[in-house]
Amino acid sequence: MDAAAREQQGGVEWRVTVPEGASVAVEHEAGAAGRAWAWVVACAVALRAAVAGFAGKVWKIGADDPRRAVHGLKVGLALTLVSVVYYARPVYDGVGGNAMWAVMTVVVVFEYTVGGCMYKGFNRAVATASAGLLALGVNWVADKSGDKLEPFILSGSLFLLAAAATFSRFIPTVKARFDYGVTIFILTFSLVAVSGYRVDQLLDLAQQRMSTIGIGIVICLAICVVIWPVWAGQELHLLTVRNMEKLAGAVEGCVEDYFAAAKPSSQAAGGRSEGYKCVLNSKASEDSQANLARWEPPHGRFGFRHPYAQYAKVGAAMRHCAYCVEALSSCARAEVQAPEHAKRMLGDVCTRLAAQCARVLREASSSVAAMTDPKTLDFAVADMNTAVHELQVDLRALPPVLALGPAEMSLMDAMPLFTVASLLIEISARVEGVVDAVETLATLANFRQVEDDDDKKGQTEMKVHPLNVPDDDASTKESQTTKHPEQV
């Protein structure tokens, strides 16, 4: 390396050869300017890396769900439209200096989903109107009571109503559905009641504020519903479907991970066995979306009074099953394992039972996704129960087989294997609980019948092509669709 390159790196190194032939290295420290320049360059590189990383994360968030970017544009459009209240002189003269309340309403009311926007809009409108009217009545009573009693009446009413409204937020029903409205009620009543003591035209002030708040609410609802709406009901529906798919993959993945070493032909499931974590962590999201979906109008396949509360029960049944899957996953990662030859004795039947459990969950997920009657689940549940019976038979026959095995292996060595088999049997029982919840959802939501749709489709085809199907082909199709009793 030459001297110029060494100077750029922050120092110069000189090598001197002494007469005896030995080498001595002498370092020459760089000046303060060189160190400062190196620090500036390092900071610039670190800043560039941080900006690039942040930009990559932002781009990924927008690419994963473009509706998030559209939501930002909708909020900007709503604020632009509501600013007309300030820019247009006739509108500004009509509402006076309270035009800023319209802007504040858009900021606090506009939400990502239609249900969230309607929830906040309804609560803000009702709370503002009720608190404003109540405050006007209290001010009228205080004004008629005389100058001496007026401050005491206003202060006493403010104390009582604020205390009662704040306490009502601890009621579960009020907390879940009207918590935001109670907060707005306290705020509006306090502002109107306190300001009424010094403001003469209190009625005009209240009317102007309610008008500007109404303008903001209407703009929010119009933009949120018309431009690329995001329905909380659909989000809850899709979340339930995805969780079922992940739970099915987790059941199969945990069993594959446990028996991967014992079965050379199998492979570890990798991250698929971690899908149960999404099910366990989705309770807050399910409850929030179910609460917001109640406020949404009928849309698409989600009619009036759609049973959104039943989705929460389906999620609870899936979490009840996911707890067992979590225990099964911990068995696969445990340090104490059963002998490999003992695992091979139950490997096939356990894998078969896990596949049947996953099949039931996937068929339930398909039924919920398509909103069709889950009649075919009965056959899948029957196959799963058959696999459970086979596993129980093999478990009863396992102790004598182990007794004939190597002398150094005892029954206690195979206890982890019995634990895994017991967990699989418990998972199958809890999967039936998920099926029951899905069937209840199908009944309450009036999922369409698949057979009726197929019959209508067949009748339509016969009307369009009445002579295209010969008798031989028809008899052949009938023989193909007829199932042997053993297959059923």
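Me: Before anything else, what is pLDDT?
Reply: pLDDT is the predictor's confidence in each residue, on a scale from 0 to 100. It matters here since this is a predicted model.

Me: OK. Where does pLDDT stay under 50?
Reply: One stretch is residues 10–14, where the model has 16 contacts beyond four places in sequence. Another is residues 264–268, with 6 such contacts.

Me: Switching to the fold. How many helices and strands?
Reply: The protein chain has 20 helices and 2 strands.

Me: What share of the residues is buried?
Reply: 37% of the 488 residues count as buried. As for surface, the chain exposes about 28,100 Å². Carbon and sulfur atoms supply 62% of that area.

Me: What about contacts between residues at least 6 apart in sequence? What fraction joins residues at least 24 apart?
Reply: 77% of them do.

Me: Now the largest nonpolar core. Which residues have the most contacts inside it?
Reply: V325 and L391. That core has 105 residues. Helix α18, residues 415–445, gives the most to it, with 15 residues.

Me: Which residues does L391 touch, leaving out those up to four places away?
Reply: L346, V349, C350 and L353, plus A421, L424 and I425.

Me: Next, helix α6. Which of its residues are buried?
Reply: Helix α6 spans residues 100–109. Its buried residues are W101, A102, T105, V106 and V109.

Me: Why do those line one face of α6?
Reply: Looking down the axis of α6, the buried residues fall within an arc of 145 degrees, so they line one face of the helix.

Me: Which backbone oxygen lies 2.7 Å from a polar atom of the N139 side chain?
Reply: That of A135.

How values were computed: Residues are numbered from 1 along each chain as its sequence is written. This is a predicted model: local features need pLDDT of at least 70, side-chain atom pairs count only at pLDDT 80 or more; totals for chains, interfaces and linings use all residues. Side-chain values use heavy atoms; hydrogens and water are left out. Helices (H or I, at least four residues) and strands (E, at least two) are DSSP runs, numbered from the N terminus. Buried means under 20% relative accessible area, exposed over 50%, partly exposed in between (1.4 Å probe, protein chains only). Contact means heavy atoms within 4.5 Å. Accessible areas come from the Shrake-Rupley method with a 1.4 Å probe; for residues, only the protein chains shown count as cover. A nonpolar core is a set of buried Ala, Val, Leu, Ile, Met, Phe, Trp, Tyr and Cys residues joined through side-chain atoms within 4.5 Å. The arc is that of the directions from the helix axis to the C-beta atoms. A polar contact is a pair of N or O atoms within 3.5 Å; within protein, one must be able to donate a hydrogen and the other to accept it, and residues adjacent in sequence count only if both atoms are side-chain atoms.
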